[in-house]
Amino acid sequence: MAYKVVIGLEVHVELQTVTKLFCSCPNSFVAEANKHTCPVCLGFPGTLPRLNQEAVKRALTASLALNCQIALTSYFDRKNYFYPDMPKGYQISQFFVPIGSHGYLDIDDDQGEPKRVRIGRVHMEEDAGKLVHSPAGDRAMVDYNRAGVPLVEIVTEPDLGSPGEAKRYLEKLKAVLQYAAVSDCKMEEGSLRCDANISLRPAGSKVLGNKTELKNMNSFKAVEQSLEHEIKRQRKILEKGKQVLSQTLRWDEGSGSTIAMRGKLQAHDYRCFPDPELPPVYLTGEEVNKAQAALPEMAEERAVRFVKEYGLPVYDAGVLTASRELADYFESCLVHYNKPKIVSNWVMGELSALLNSAGLEINGCRFTPEFMGELLHMIEGRAISGKIAKVVLDKSFKSGKAPGDVVKNEGLMQISDQSELEMLVDKVIDANPDSVENYRGGKNKAIGFLVGQVMQETKGKANPQLVNELLVRKIGKNG
Amino acid sequence: MKVTEINALRVAEAVNNREVSASSLIEEVIEHCKGLDNKVFSCLATEMALEQAAAVDRKIKSGFNLPLAGVPLVIADDFSFRGMPLALASSALQNYHPPLNAASVEKIVGAGAVVVGKTAVGDMGLDTVAGKSEGGTFFKELLYKVRSGAAIAASCGCILSLENDSSGMTRQSASRCGIFSLRPTPGRVSRYGLNLRSGSFDYPGFVATHLDDLAVLLQASTGYDERDIMTAVNSIQRDKYIHNSNPKEITIGFCSSLTGFLDEEPAAAYEKMYLHCRENGFKTVDLTLDILPEALRAFYVVAFAETSSTLSRFDGIRFGMAVDSDDLEEYYFKTRRLTFGDEACRRSIFGTYLLSENSYERYYKKAINILNRTRQVFAEVLDQCDLLLFPLFKSVSPPDHLNFIQSYEEDIFTAPVNMAGLPSLAFPGGVQLITEPFGEEKLLALGEYFKTAAEETTRESKEGEV
């Protein structure tokens, strides 16, 4: 039987702010446990939360960037449950009236057609601390550095129809939030976290199947894989004529499978109610309009501009604008070397490959836009060949040294000295009489082989065009 | 000069004029406190108080003039203050020494007052019963009649005290002790450092043996505090509240229908105060307020709900007693069962029920609607008068505190006022004066007219007893 897959995602994103949501502790990573804590975020008796207006601004920007309707008056509520990482025994969140609702994000579906994913709500809440287990494993300890860090939770409607769509939604969401400077959205560092709800129903049926909730996915790929795994698992159960159990499952990266955490039957009653210690969050229409106007150029607009302004192929523009950082990098390169398509080729090709194999993001890259400009100018000025340029890029990327210095230090300057090259050409002609004969006999391809030989002799440093010219001249002359 | 027999203003004057040193005064007060029932105080700040007093003396010597110089201050254990444990009569806070000062206390101390100790509160601060006394007969009697350690301490020679006036128990108790109490408008004084059980209602209340001293306390403690966003209201212009103090131009509201709720004695006192207003030339108007019973129930629904949530932080993880357990759920069960007293358990259980999925709409939501209506009803009543003369309690002696329902019912005249967020000034003899938000200065100025009448009323009733 054919089944229709129904997926909804809940994404938590840490907001980029100087301080925490309700106190003045720094909102930044620190290794020492419980360093960024104070009586307020530790929930000591007598302390009161004080709302960070910067967090409200970022949440407003996030809501607008996700095309949400904005609540001019929203509230903070308490979500009550016990867990050691939650100092107060409740989480301050927006349950009844979130700051943003009824938004959407457009993605491509599996057929490449545009698809609108509805976003039910965007709300502000505080993060919890972290449980740390002692090395001996005999006790659990709590680090409250993260407790009180501002988050927005972004909840989609169950509009996603496949793991691929889920992944594309996440990529798009990440790009949008990065563009809007709401969050750095680093899943591996926990500044973006994703839970997925998934159910299957027979195609054509309107009755929703029982859903399961997936947790503990540490990358977009893991989200995709866990969903694929869960589809298979649920399908098997349904095909046996059985019912899927509504439960929370933990994705186990190692075994590539899902493990039951707790049954939904024991689900909590969070007893949400308005927090009496926090006044409503008021926004004016003017503030909203201002935030809307201040939204930066998003990926799509930027891609369109790249095509129009720089004459880039649509494909290139799409790849380069996938993250704000990459697009910024590209445009910075243009300041130093204004040939967009050439820059695009190098950024998308060699540089991306190096980043991938090093597991780095563009902002962690030591090969600056200035270096890129320097490198491309050297190619253009024939100081190095394209082939050597790749070697230079690799060395410069790894060492952080300027490409000019690399070329100088490693002696990679292209050999364009005619007398030096003539000697080499003569040597190659003498050593390869067959190829010379072949060329004379009309096999033009043979010249390529001979050029290659010269290049090999010079470890790629010879100016290939010049070598070609010399060879043709010499072989032709002697014949 | 015997500090325990005069008022704070006079003490400050004497210390500022260097007639007497703060150190010797505070030493005297501490000795006096040691002689009081040991259940009244949860701790005395002997050394710290003497150090503070010496610091005040040094300041005076270098030319400072402090409005509360050398005045002893007693704070209920509801307030955090460095150097003294916050015990809340529960092992959930075992060995907890707060790393913060309550903003209100800090400000009053900044005006020269010296914290001499903390009065005990019951079970997580939910109960102001000062413990089951085994002390002298005087205190046995007082503790039977009065639920507030702060009121007892102030009336027994400590002059000034602060306590969480959540439901009005502090005002009732002060009145029963024959002294005065003020609950300011929420926002005038910072709540930072006051242990909140119910954020909607908990608020610092002032107790003093002399009416004048309440004005000094308010002045010393009011103002904007960035740690309590509610105090932002202090920056609004309050000029419009500058009032006329000519009785002939002032209307006093009175609710004659309420006397039916009162025992004979408080009813007589309430009526007498009304007559006193007329004799002094005030205009009077008879008003009705039918919402009280409903408001009281709503008050307790909201208070229970909020308290159940607020007490969740006492989970044995960061402070307090810890039990041995391999299982997290069991850990919570055990710790909370061992550290929570009867009242804390009651409010946690009822509050949890009131907020649960099936009762949220039926109880909590409804209570919030009543709360909003109560505010409106009081606002309408205050549109018709400048001051509202109101009873404080139904009977002179409170019901046995073990009967908790009756105890809650005792708050019928105070809890709704707190819900409405109105300032209230309590007098001896069981009456309070209420006015519109931020009208404290008006209350305190016009309170002088009522002071004598109130004191006469209590004297007569005491003589009647003899």
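1. The contact between the two chains draws on 23 residues from chain A and 31 residues from chain B, where two residues are in contact if their C-beta atoms, placed from the backbone, lie within 7 Å. The model is a predicted one, in which local features need pLDDT of at least 70, side-chain atom pairs count only at pLDDT 80 or more, and totals for chains, interfaces and linings use all residues. Residues are numbered from 1 along each chain as its sequence is written, while chains are lettered from A and ligands numbered from 1 in the order in which they are written.

2. In chain B, 11 strands make up an open sheet of mixed pairing, in the order β1-β3-β2-β4-β6-β5-β10-β11-β9-β7-β8; strands are DSSP runs of E of at least two residues, numbered from the N terminus, and two of them pair if DSSP finds at least two bridges between them. Because β1 (41-44) and β8 (283-286) of chain B stand at the edges with a single partner strand each, one side of each is left without a neighbour in the sheet.

3. The partner of β1(B) is β3 (residues 114-119) of chain B, paired in the antiparallel sense over 3 bridges, and Leu44(B) stands opposite Gly117(B) in β3(B).

4. Helix α3 (residues 220-239) of chain A, a DSSP run of H or I of at least four residues, has 20 residues that should span 28 Å at 1.5 Å a residue, which agrees with the 29 Å between its end C-alpha atoms; the expected span is 1.5 Å times one less than the number of residues. Gly241(A), whose phi is positive, near 80°, follows α3(A).
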